[in-house]
There are 2 protein chains.
Amino acid sequence: MEKKISEKVINRLTLYHCILADYINADIEFISSKQIAMLLKIDDSQVRKDINLLNNSGKCRVGYIVKELKRSIEAALSFSKTKKAFIIGAGNLGMALAKYDNFTNYGLNILALFDNDKKKIGGTVNHKMILDISKLPNLARKSSVDIAILTVPREFAQQTADFLVKANIKYIWNFAPAVLDVPDDVQVWNENLMGNFLQFTYNI
Amino acid sequence: MEKKISEKVINRLTLYHCILADYINADIEFISSKQIAMLLKIDDSQVRKDINLLNNSGKCRVGYIVKELKRSIEAALSFSKTKKAFIIGAGNLGMALAKYDNFTNYGLNILALFDNDKKKIGGTVNHKMILDISKLPNLARKSSVDIAILTVPREFAQQTADFLVKANIKYIWNFAPAVLDVPDDVQVWNENLMGNFLQFTYNI
């Protein structure tokens, strides 16, 4: 029986997953909790505790079997369950996220980008169309997309969120440095870059 | 006496700060913990507890004085202490971060971008030069920059980190989806986007 996995653990497991992908690329078969711990500068008892939450059978004397452990993480975090999303805002950040091929490995399928800039509409980024934002409500319904990745400038963030809520979007991954006012049935994840930077540099 | 502020609190305080900036733009003078709590869908006792950690005197019957509270957060998180940084990688993500004017309000001063693409070198983004990566060690020393924002593709992340470490960079804000192997005196903050997405969508 798997326990409910906490947010902090999910975050660490995706970092372990990154390391495992590198090990596979380098044709390394085994990894120890100590090796993972050293790379992330955390305690190896923490690594072992996290891995114990998984249904992972690939443990042996020399460590974990890299491929097995990677698969166990993918199963626990259901990478195979594809989640469809739209990117709202085809600026640099939206483009960068659209080009981030890694996302598909984690079950995030970005179907298209939306913008209101006539010069951008009709273009493509990484085989994804840039579409007129006015087409979003219809396409969201037809493709049953309820996740939006919001990368518009701060000053347009709230009005765009209002528009997305009307289009029945239920999850907004917000990259704009603005706190969005949305109804209770809509979830927002604030990618609070400045907050992260300040946490990181607080002690400098 | 201020207590040491935890990472989670720093993160929430920057979100409160965002809300306060919006209130100032809208010419609103007072804000209650309830209003903040409702926007962030958290408990208002949490908001009050966080604010109690600040040296904030701007409290009155109708709530907090917006400008005072904003200043108290800025003081507690030392926004006025400017931190100089370089962006490594002038791709879409590097460009997006270079254009993010909000950073300066939080004390992050991005001096320049670096790349190895001859077509990009010599250009500017948001008044910041794109320079040849080979110039970084010298410029980092001269301008005493020890923070690097790493936005190169995954496959170049480790070798670029090695280069930065040799150039005496001590803090790497890592946007590449890779875990970096660096010496103990170098700190890495992994902007683990996929981890964040999976945390956000875990229950969908």
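Visitor: Before we start, what counts as buried, exposed or partly exposed here?

Guide: Buried means under 20% relative accessible area, exposed means over 50%, and partly exposed lies in between. Keep in mind that this is a predicted model.

Visitor: Good. Where does L111(A) sit, then?

Guide: L111(A) lies in strand β5 of chain A, residues 108–115. Its relative accessibility is 30%, so L111(A) counts as partly exposed.

Visitor: And which residues does L111(A) touch, leaving aside neighbours within four places in sequence?

Guide: K84(A), A85(A), F86(A), K128(A), S143(A) and V145(A).

Visitor: Over to chain B. Which element holds A98(B)?

Guide: Helix α5 of chain B, residues 92–99.

Visitor: Is A98(B) buried or exposed?

Guide: A98(B) has a relative accessible area of 2%, so it is buried. The cut-off for that is under 20%.

Visitor: What does A98(B) touch, not counting residues up to four places away?

Guide: I87(B), L113(B), V125(B), N126(B) and K128(B). T124(B) is 26 residues from A98(B) along the chain, and their C-alpha atoms are separated by 9.8 Å.

Visitor: Back to chain A. How many helices and strands?

Guide: Nine helices and ten strands.

Visitor: What box do the C-alpha atoms fill?

Guide: Roughly 60 × 40 × 30 Å, taken along the principal axes of chain A.

Visitor: What share of chain A is buried?

Guide: 52% of its 204 residues. The accessible surface of chain A is about 9900 Å², and carbon and sulfur atoms supply 50% of that.

Visitor: What about contacts between residues 24 or more positions apart?

Guide: They make up 57% of the chain A contacts that have a separation of 6 or more.

Visitor: And the charges? How far apart are their mean positions?

Guide: 2 Å, for 27 positive and 21 negative charges in chain A.

Visitor: Let's do helix packing. At what angle do α1 and α3 of chain A pack?

Guide: About 100°, with the axes 11 Å apart. Helix α1 covers residues 7–25 and helix α3 covers residues 44–52. Angles of 65 to 115 degrees count as roughly perpendicular, so α1(A) and α3(A) are roughly perpendicular to each other.

Visitor: Which residues make that contact?

Guide: From α1(A), V9(A), R12(A), L13(A) and Y16(A). From α3(A), Q46(A), V47(A), D50(A) and I51(A).

Visitor: How many residues of helix α9 in chain A are buried?

Guide: Nine of nine, so to speak a mostly covered helix, residues 193–201. The buried residues are L193(A), M194(A), G195(A), N196(A), F197(A), L198(A), Q199(A), F200(A) and T201(A).

Visitor: Backbone next. What is phi of D27(A)?

Guide: Near 60°, a positive value in a residue other than glycine. Most residues other than glycine have a negative phi.

Visitor: Where is D27(A), and is it buried or exposed?

Guide: D27(A) is in the loop between α1 and β1 (30–31) of chain A. Its relative accessible area is 73%, so D27(A) is exposed.

Visitor: What about S78(B) and its phi?

Guide: Phi of S78(B) is near 40°, also a positive value in a residue other than glycine. S78(B) sits in the loop between α4 (66–76) and β4 (83–88) of chain B.

How values were computed
Residues are numbered from 1 along each chain as its sequence is written. Chains are lettered from A and ligands numbered from 1 in the order in which they are written. This is a predicted model: local features need pLDDT of at least 70, side-chain atom pairs count only at pLDDT 80 or more; totals for chains, interfaces and linings use all residues. Side-chain values use heavy atoms; hydrogens and water are left out. Helices (H or I, at least four residues) and strands (E, at least two) are DSSP runs, numbered from the N terminus. Buried means under 20% relative accessible area, exposed over 50%, partly exposed in between (1.4 Å probe, protein chains only). Contact means heavy atoms within 4.5 Å. Accessible areas come from the Shrake-Rupley method with a 1.4 Å probe; for residues, only the protein chains shown count as cover. Lys and Arg count as positive and Asp and Glu as negative; His and the chain ends are not counted. The place of a charge is taken as NZ of Lys, CZ of Arg, CG of Asp or CD of Glu. Axes are lines fitted to C-alpha atoms, for helices over the stretch in contact, and angles run from 0 to 180 degrees between N-to-C directions. Angles under 35 degrees count as roughly parallel, over 145 as roughly antiparallel, 65 to 115 as roughly perpendicular and the rest as oblique.
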